[in-house]
Amino acid sequence: MKRIILVLISVAALLPACKKNGSSSSKQLLLSKVIYDDKPESEFTYNSDGQLVVEKYYNEENGSWQLTSHHLYVYDANGNPKEMLSYNMPENVLSARYVYTVNAQGKILRNSIYDMDGADSGTLNFHIGHEYNAHRRLIKKTWKDENEDVQTVVNLNLYPNGNLRTSETFYEFGTPEKVWGSSYGPSDTTLPASFYNIKVYPINYYYPYLVGQSIRSFTYDDGAVTGETRIEFSGRKYNNKGLVTEQTITHKNIKPAAPDEVHTIRFEYVQF
């Protein structure tokens, strides 16, 4: 079964509005939980300042559904991201340490990731650089190894209203090679400004699930399309703030062809 678990991949900057013609609020709204087919998939905990401090992800391991990773975020005296500690669960073993470099606005310019488990504990693994547009929205991520050689580049393109339009991944070993791409359907629905103020999340791939009607993804090998999928959203339910609380996901496997997969996803929020 395909899951939506997102590597933050990056993890946690996703106009004061909600659903079109919906109500707006001066209070801060934030995504707190994602539930997939009645099972918890991710949880986000914030402090009183609206800063993300704990992040949890769940998946099936050894035949049971359980917590598989646990992230703790640390901030400096100015409220800017300082580091993130990632633990493998249920063993509760520190596996990685992310050290952040930020700009004057507190936006992350670089993650430096260190292995914290095994024989290489404390060793620098790689860096992830971030570039932003004039509206302080993320448009590019660059992976570099410990020698500063570029390994992977992700280019992000946004709609005029700030919603994610496309995401393309390139391997940079010699001639750049496109290996993955997604396009996100247009929508005049936008998310509350508070969603985009999570400094440790320059991009959150859950957000397109809350605004658009579909996501189309491709994999490539040597310029040829090797895989194609389409995710369609339907049956949406909303809260009184105009935010999606539940919807049906139909995962269409186009290449290689396979039966559709239908799932339910629910979202919970907190308000400060």
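This briefing walks through the fold, the strand pairings, the aromatic pairs and a few loop residues of the chain shown above.

The model is predicted, so keep its ground rules in mind: local features need pLDDT of at least 70, side-chain atom pairs count only at pLDDT 80 or more, and totals for chains, interfaces and linings use all residues. Residues are numbered from 1 along each chain as its sequence is written, and side-chain values use heavy atoms, with hydrogens and water left out. In short, you are looking at a chain with 0 helices and 16 strands, and the structure holds 10 aromatic pairs.

**The chain as a whole**

- The secondary structure comes to 0 helices and 16 strands; helices (H or I, at least four residues) and strands (E, at least two) are DSSP runs, numbered from the N terminus.
- The radius of gyration of the chain is 19 Å, close to the 19 Å that the globule rule gives for 272 residues, so the chain is as compact as a globular protein of that length. That radius is taken over C-alpha atoms, and the globule rule is 2.2 Å times the number of residues to the power 0.38.
- Along its principal axes, the C-alpha trace spans about 50 × 50 × 45 Å.
- Of the 272 residues, 48% count as buried. Buried means under 20% relative accessible area, exposed means over 50%, and partly exposed is in between (1.4 Å probe, protein chains only).
- The chain's accessible surface comes to about 13400 Å², and 48% of that belongs to carbon and sulfur atoms. These areas come from the Shrake-Rupley method with a 1.4 Å probe; for residues, only the protein chains shown count as cover.
- The chain has 28 positive and 31 negative charges, and their mean positions are 10 Å apart. Lys and Arg count as positive and Asp and Glu as negative, while His and the chain ends are not counted. The place of a charge is taken as NZ of Lys, CZ of Arg, CG of Asp or CD of Glu.

- Strand β6 (residues 93–102) and strand β7 (residues 108–115) pair in the antiparallel sense over 7 bridges; two strands pair if DSSP finds at least two bridges between them.
- Look for Thr101, whose bridge partner in β7 is Arg110.
- β6 and β7 form a hairpin with 5 residues between them, and Gly106 in the turn has a positive phi of about 85 degrees.
- β7 also pairs with strand β8 (residues 123–132), in the antiparallel sense over 6 bridges. Here Ile113 stands opposite Phe126 in β8.

- Strand β14 (residues 224–238) and strand β15 (residues 244–255) run antiparallel, joined by 9 bridges. The bridge partner of Lys237 in β15 is Glu246.
- This is a hairpin with 5 residues between β14 and β15, and Gly242 in the turn has a positive phi of about 85 degrees.
- β15 and β16 pair in the antiparallel sense over 7 bridges, with Gln247 opposite Ile265 in β16. A hairpin joins β15 to β16 through 2 residues.

**Aromatic pairs**

- The structure holds 10 aromatic pairs. Rings of Phe, Tyr and Trp (its six-membered ring) pair if their centres lie within 6.5 Å; planes under 30 degrees apart count as stacked, over 60 as edge-to-face and the rest as tilted.
- The ring centres of Phe44 and Tyr57 are 6.4 Å apart and their planes sit at 90 degrees, so this pair is edge-to-face.
- Phe44 lies in strand β2 (residues 39–46) and Tyr57 in strand β3 (residues 52–61), so the pair ties together parts that are 13 residues apart in sequence.
- Phe44 counts as buried at 5% relative accessibility, and Tyr57 counts as buried at 4%.
- Tyr46 and Phe272 are also edge-to-face, at 6.3 Å centre to centre with 85 degrees between the planes.
- Tyr46 lies in strand β2 and Phe272 in the segment after β16 (258–271), so this pair ties together parts that are 226 residues apart in sequence.
- Tyr46 is buried at 14% relative accessible area, whereas Phe272 is partly exposed at 36%.
- Phe44, Tyr57, Tyr201 and Tyr206 form one aromatic cluster.

**Two loop residues**

- Asp38 sits in the loop between β1 (29–36) and β2, and Asp38 is exposed, with a relative accessible area of 65%.
- Met116 lies in the loop between β7 and β8 and counts as partly exposed at 23% relative accessibility. Met116 and Leu85 are 31 residues apart in sequence and 9.3 Å apart in space, C-alpha to C-alpha.
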